[in-house]
Amino acid sequence: MSNATRRAIFLDRDGTLNLDTGYARRAGRPGRRLPGAPEALARFKAAGRLLVVVSNQSGIARGMFGPAELHALERWVDGQLAPLGAAPDAWYHCPHLPEISGPCDCRKPAPGLLLRAARDLGIDLTASWMIGDRTRDARVGLAAGCRAVLRSGWGEREAAEARESVPEVPTVPDLAAACVYILAREA
């Protein structure tokens with residue numbers, strides 16, 4: 001039996017916290033934050049949730065950037081969000097791409113990143129949520145034992161795919177709506 005008691009909000013990075021513009025890898029140029037994201041993060045933190053970013057970063061396997069550049073970007077984002085009370089508590093990423101680096105257990109939708117974060121941070125996965133913008137984000141949350149919410153905002157084709165492949169996962173328009181949805185269910 002686990003003695004994990006902390007509740008977390010797991011977040012995809014690109015498309016959930018910031019506009020997905022491709023391989024964001026440089027401090028100062030991570031892509032534009034999505035409207036309402038910092039306020040939602042601050043609200044989750046004020047409600048006592050850990051914020052854990054979990055992200056596939058195949059640009060590392062592709063040789064587009066290295067771990068040091070990725071960590072510098074994460075520290076830059078932390079610095080931007082900290083004054084707002086919205087900095088993530090931890091960042092986890094998968095640097096792999098199966099065609100290049102072989103299979104792994106951490107590339108979403110595999111649950112390795114969430115399971116590792118739960119061990120490292122004492123997180124109760126059954127009391128935690130995964131928020132992302134793709135079906136794989138919902139699947140990783142469910143595979144790890146979390147509940148999940150999808151941020152829509154992509155095209156109708158992807159929204160229809162999400163409704164079909166993970167019908168038990170609600171879709172909301174943005175991170176602010178996800179925050180309202182989750183906190184209302186935990187009151």
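Q: Is glutamate 186 buried or exposed?
A: Glutamate 186 is buried, its relative accessible area being 18%. Buried means under 20% relative accessible area, exposed over 50% and partly exposed in between (1.4 Å probe, protein chains only). This is a predicted model, where local features need pLDDT of at least 70, side-chain atom pairs count only at pLDDT 80 or more, and totals for chains, interfaces and linings use all residues. Residues are numbered from 1 along each chain as its sequence is written, and side-chain values use heavy atoms, leaving out hydrogens and water.

Q: Which side chain meets glutamate 186 in a salt bridge?
A: That of arginine 7, at 3.6 Å from N to O. A salt bridge here is a side-chain nitrogen of Lys or Arg within 4 Å of a carboxyl oxygen of Asp or Glu.

Q: And how exposed is arginine 7?
A: Arginine 7 is partly exposed, at 33% relative accessibility.

Q: Which residues are in the network with Arg7?
A: Salt bridges with shared partners join Arg7, Arg49, Arg147 and Glu186 into one network.

Q: Changing topic, how many salt bridges are there in the structure?
A: There are nine.

Q: What does lysine 108 pair with?
A: Lysine 108 forms a salt bridge with aspartate 12, with 2.7 Å between the closest N and O atoms. Both lysine 108 and aspartate 12 are buried.

Q: What about arginine 75?
A: Its side chain meets that of aspartate 78 in a salt bridge of 2.9 Å, N to O. Arginine 75 is partly exposed at 44% relative accessible area, whereas aspartate 78 is buried at 15%.
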